[in-house]
Amino acid sequence: MATPPPVVAVANLKGGVGKSTTALMLAEGLAYYYGLHVLLYDFDAQANLSETLLTSNGVRRALNQGGGVPAILDTFIPGGETTLNTDNPLVDTRNATVIEELIQARDKLEDDGWVSLLPAHPGMRFLEPHLERSPGDGWFEIGDQLGNIIQEATADVREKADLVLIDCPPHISALCRTGLKLADYYVTPTLAEVLSIWGVHQFVNWLVHPSMCEWIGHDRDTVPDRQFVVCTRYAPRSRAHQRALGQLRADWKDRAFSEPIRQRLSLSRELEREDENSQHHFSGRYRGHVKGDIRRLADGFSAFMKSRHGTHWERKR
């Protein structure tokens, strides 16, 4: 039986810190530079990650075809489908990859990196409230049930993946709890700002709370070894950013840190996909210094996983 791929939750309870962008950059960086097959789970009802990869039309089509996270959530809703329709492809294994170099390699039957996606949809906002339970056993059990059905529903794709990345929502929802339950490791994006850094403290304090530790099944002392911190939208010439990042590293000496992802005002426009069949050269999608940042992010995370998980991912580009 094949060893299951490591699962990594990209999570922080504070919004607006670049979780979806970090998940995207990490997935495409590892696929491009290391030739990994990365399976993305989008658990955030904002669906920013899904729309970036599939376009709005692609996200809508996945919903209409009975795919993605909404199809799974619907099995928990009173009056909804009680079982998943296994004839519907839940995971997009074809059109989520937008990097032309990877697509060309796949067309030549070369195994040179790929990105697959279990997409979200904004309509999940209307499904998620039905998942919530009062504090107590039920509050935890819904996360267990969700995690089990998601793993079963994506088993065929997951067994072929080298890594599973989960884009978690910025709040303590059932899907967020499920992502943390499934995860072996945590990537925590943050801005080099006081409030964002305080948000990292809040997230970790919640993660190591005795109730969470008991449910997730980890020893709170192992959390520092399993957390990888990424500073996003960093302005290297800003003294305020320099001080904040220096303080963060001083406060969290037991954490692994990525090199910062530098600020680029036009990045959101560059990541847009014109249509469902459009492609991007990697250098065109990540222009200027951002391409170097993605490479360093992939290298730093690869080194982190080698030291923590024993993986041996080799650079191909």
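Two strands pair if DSSP finds at least two bridges between them, where strands are DSSP runs (E, at least two residues) and helices are likewise DSSP runs (H or I, at least four), both numbered from the N terminus. In this sense Tyr41 of the model stands opposite Ile166 in β4.

The structure is a predicted model, in which local features need pLDDT of at least 70 and side-chain atom pairs count only at pLDDT 80 or more, while totals for chains, interfaces and linings use all residues. Residues are numbered from 1 along each chain as its sequence is written, and side-chain values use heavy atoms, with hydrogens and water left out.

**The sheet**

An open sheet of 7 strands, with parallel pairing, has the order β3-β2-β4-β1-β5-β6-β7. Its edge strands are β3 and β7 (256-257), each of which pairs on one side only. Strand β2 (residues 37-42) is joined in the parallel sense by 5 bridges to strand β3 (residues 114-118), and 5 bridges also link β2 to the parallel strand β4 (residues 163-167). Some facing residues of β2 are listed below.

How many residues of β2 are buried? The strand is mostly covered, with 6 of its 6 residues buried, a term that stands for under 20% relative accessible area, whereas exposed stands for over 50% and partly exposed for values in between (1.4 Å probe, protein chains only). Both faces are covered, with His37, Leu39 and Tyr41 buried on one side and Val38, Leu40 and Asp42 buried on the other.

**The nonpolar cores**

A nonpolar core is a set of buried Ala, Val, Leu, Ile, Met, Phe, Trp, Tyr and Cys residues joined through side-chain atoms within 4.5 Å. The largest such core has 56 residues, among which Tyr41, Leu73, Leu118, Leu146, Ile166 and Leu180 touch the most other members. Helix α9 (residues 194-207) gives the most to this core, namely 6 residues. A second, separate core of 45 residues includes Val8, Leu102, Phe228 and Trp313. When its neighbours within four places in sequence are left aside, Leu146 is in contact (heavy atoms within 4.5 Å) with Ile72, Leu73, Phe76, Leu131, Ala174, Leu175 and Thr178.

Helix α1 (residues 19-34) has 16 residues and reaches 21 Å from its first C-alpha to its last, close to the 22 Å expected, the expected span being 1.5 Å times one less than the number of residues. Because 15 of the 16 residues of α1 are buried, the helix is largely enclosed by the rest of the structure. Gly35, which follows α1, has a positive phi near 70°.

**Charges over rings**

A charge sits over a ring if NZ of Lys or CZ of Arg is within 6 Å of the ring centre and within 35 degrees of the ring normal. Arg106 lies over the face of Trp114, at 4.3 Å from the ring centre, and the charged end of Arg317 sits over the ring of Tyr32, at 4.5 Å from its centre.
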